[in-house]
Amino acid sequence: MAVEVKPRESSDVETEQLATGCEAIAEAIRLADVDVMAAYPIRPYDGVMQAAAKLIANGKMDVEYIVADGEHSQFEIVKHACAVGSRVFVGSSGVGWFYAFEAIAVTAGLRLPVVAICGNRALDDPGAFGTEHNDSLAVRDLGWLLPWAETAQEALDLALMAWRVGEDKRVSLPVAIGLDGAFLTHSQQIVKIPTQAAVDKFLPPFDLGDRLLHPDNPITIAPQVDQDWLMEIRMQNDQAMRKAETVIREAHADFKRLFGRGGESPFLDEYMTDDAEFVFFGQGTLALPMRVAIRRLRKEGHKVGLVRLKWFRPFATAEIVRSLSRFKAVGVIDRDYSFGSPYYGGVLYNEVRSALYSQPKRPVVVGFIAGLGGREIEQPMAQEIFEKTKAAASGDLKSGDTTHWIGVRA
Amino acid sequence: MAVETTTLPQIKGVKDVPYDELFVSGHRTCQGCESALVMRHMVKAAGPRTIVLGSTGCMYVANTTYYTTPWVVPWMHTQLGASGSAALGTAAGLKVLMRKGKLKNEKINVIAFCGDGGGADMGIGAISATLTHKEYNCLVLLYDNESYANTDIQLSSQTPYGAVTTFSPSGSKKRLMHTRWKKNVPGMLAAGHPESRYIAAGCAAYAVDLMNKIRKALELGGPTFVHTLDPCPKGWDYHPQYSQELGHLAVECGIWPLYEVIDGVCNLTGPTRQIAEGRKKRKPVYEYLKRQGRFAHFIDEDVEHFQAEVDKMWTEWLVPGVIPFTVPAKDQAILKIDKKALHEQKSA
């Protein structure tokens, strides 16, 4: 059904510009030739919709830009646009993400590669604008791929990766990129904007194949399957998620070759870990204050490093276990909570502990809840995390039965 | 490249109805299900170059059980409250892909259907939003069987006054659990969405009228809306052989007026027009109520209340069955409103 494709306006030279995380994502939308996007206001994700609207108004890209009547409609609109073969983009934050929850769940069930950002924001009530990862993490079991960006550059790069991986026929799952509210969505950084030619080499056109909803392909999508077939279909989703790890590695290798960025591994970003005895483990922008702390602590002679997780789903278990088993202790910093969970730990803490359980040699794992609601992780807090992790490494704290809330007023 | 257009001319009579069936066997709707008939008429009128989106409800669960499908045209499920968004997203996707040359440029009809629960209750916001996006061609069809009939007959905002449902049983202390008057959905949508080119109320008992309404909606383009009243043997409690008769009675008693609003002009159609013109006498609502078990607990005062509300709709509403408010006599002149009955205007 695909016929002549119109040549697109190309930017032949890689440029650098000062951009927020949201603006960087908007550039990725332009470069990916997105067909349909749906907007609805909620801070802080909506910066990306404002940036995209400007690009459209100024003739920089051709996208159907639909301002929806709520997040549920937003996600339903792109889901259905995707089913007829459109490359799509959508996003939300905090309680807005939850308002769309039904549509978010079925999008993964339908295996439609919708790409979204979740501008991570604390859930009401009480109200807070700042970052907290519980919005993204709420969809962790449903079949969404969940990468987390640390910088505006990584936001742009992960967005291009998201369409490439999500639309790959072996995967065909939606992707939600986590962007820490304010710290990343609204902080300006220097961002390299790749050329259209390079992006076109990296990102093939979207092709749903025989799953396209079109009168020439009159299929019935998502009938009632009941107990008769649902389990087989759930297992197919599981297999797709398993394949995603390989597809991400392939895409990452191609990305590095074409753009020269992305680091050693698509899943982990390690900092000063070569000789480290213990490390901090977390995702998103909290890596920045922790790196500052590590440099300071290294000057004092402490062998400490950072392992930053870049994809929460799929959870690259083997690689994460291989990496973390090298250390005496791991301090997992959760910018989220999971009330009533084992050891009252955060989500990441329990994922890491579960991954390490079957290992003969495993580090002590200590849990930290920090930076909720957009609270800055300041150096005294980093120091406290360090001291508690160090104490655990030397056996002063028992592994696993400890979760510490950091920087909380008495 | 020129757009290939399918033209959908108006059907002149039963003999002019297309022979091809695009909603066929492979479903398990109840005997006498008028909503299934609406599906059949809907897609027959629209033709094969059509994509249908179906929101959760009877016409999802009873129609599409895996391994079978009655749909000859492409069909996709959408969520209970998402028919408006499904129509919009599908239409927007097709439009942009054709504009960018990624898909062959041709006319493809987009129809999203919903029940009264999905459309009049949960999905009304999304339908309303869709009807304001005039650049996208899509039709939302609301098949109204006056309850959540798929989930055990619970009352919806479309359940008529006093009717028994599993959420409104008639008991020894409370004869009537449900005392809200039916929400006026097509009238509300017509009044609130002046840029929608076509909004209509139909009934499968008047099949040609309904098919022509579907065709007009698709031909005029932009976002459009059709609401059908579908007698439901299970929910209304009557023998399945009387479905068509009850559809006729709903219209003849003046309870369900048939009309269409084309580019802001309201036309009454079928027997509703004949009643308004005075060529046909409106039947008492008792003729309709007495045929259904869901009204079996009604006593005289309930019937009288029901009749009075329907009478008010015909004698006091600005447009019978469409625009519910009245205008004080002193303001009718300044607002240029002629409140004479339609048949009086005609003879004048």
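The model is predicted, with scores of ipTM 0.95 and pTM 0.95. For chain B, the mean pLDDT is 94, and 95% of the residues reach 70 or more.

**Where the two chains touch**

- The contact between the chains draws 43 residues from chain A and 41 residues from chain B.
- On the chain A side, the elements giving two or more residues are strand S3 (64-67), H3, helix H5 (101-109), strand S9 (220-221) and helix H9 (226-259).
- H3(A) gives the most to this side, with 9 residues.
- By residue type, the side of chain A that touches chain B divides into 23 nonpolar, 10 polar and 10 charged.

**The helix crossing between chains**

- Helix H3 of chain A (residues 71-83) meets helix H3 of chain B (residues 83-99): their axes come within 7 Å and cross at roughly 45°.
- That angle makes H3(A) oblique to H3(B).
- The crossing of these two helices, H3(A) and H3(B), is right-handed.
- H3(A) makes this contact through Ser73(A), Glu76(A), Ile77(A), Val78(A), Lys79(A), His80(A) and Ala81(A).
- From H3(B), the partners are Ser85(B), Ala86(B), Leu88(B), Gly89(B), Thr90(B), Ala92(B) and Gly93(B).
- The residues of this helix contact divide into 6 nonpolar, 6 polar and 2 charged.

**A strand pairing between chains**

- S9(A) pairs with strand S2 of chain B (residues 75-78) in the parallel sense, over 2 bridges.
- In this region you can look for Thr220(A), which stands opposite Trp75(B) in S2(B).

**A six-stranded sheet in chain A**

- Chain A has an open sheet of 6 strands with mixed pairing, in the order S10-S12-S11-S14-S15-S16.
- Its edge strands are S10 (268-271) and S16 (403-405) of chain A, each pairing on one side only.
- Neighbouring strands of the sheet are turned by 20° against each other on average, direction ignored.
- S10(A) and strand S12 of chain A (residues 304-309) pair in the antiparallel sense over 4 bridges.
- Asp269(A) stands opposite Arg308(A) in S12(A).
- Helix H12 of chain A (residues 347-356) packs on the sheet, touching S11 (278-282), S14 (329-334), S15 (364-369) and S16 of chain A.
- Helix H13 of chain A (residues 379-393) also packs on the sheet, touching S11, S12, S14, S15 and S16 of chain A.
- The direction of H12(A) makes about 145° with that of S14(A), and the direction of H13(A) makes about 145° with that of S14(A).

How values were computed
Residues are numbered from 1 along each chain as its sequence is written. Chains are lettered from A and ligands numbered from 1 in the order in which they are written. This is a predicted model: local features need pLDDT of at least 70, side-chain atom pairs count only at pLDDT 80 or more; totals for chains, interfaces and linings use all residues. Axes are lines fitted to C-alpha atoms, for helices over the stretch in contact, and angles run from 0 to 180 degrees between N-to-C directions. Angles under 35 degrees count as roughly parallel, over 145 as roughly antiparallel, 65 to 115 as roughly perpendicular and the rest as oblique. A crossing is left-handed if the near helix is turned anticlockwise from the far one by less than a right angle, and right-handed if clockwise. Two residues are in contact if their C-beta atoms, placed from the backbone, lie within 7 Å. Ala, Val, Leu, Ile, Met, Phe, Trp, Tyr, Cys and Pro count as nonpolar, Asp, Glu, Lys and Arg as charged, and the others, Gly among them, as polar. pLDDT is the predictor's confidence in each residue, from 0 to 100. Two strands pair if DSSP finds at least two bridges between them.
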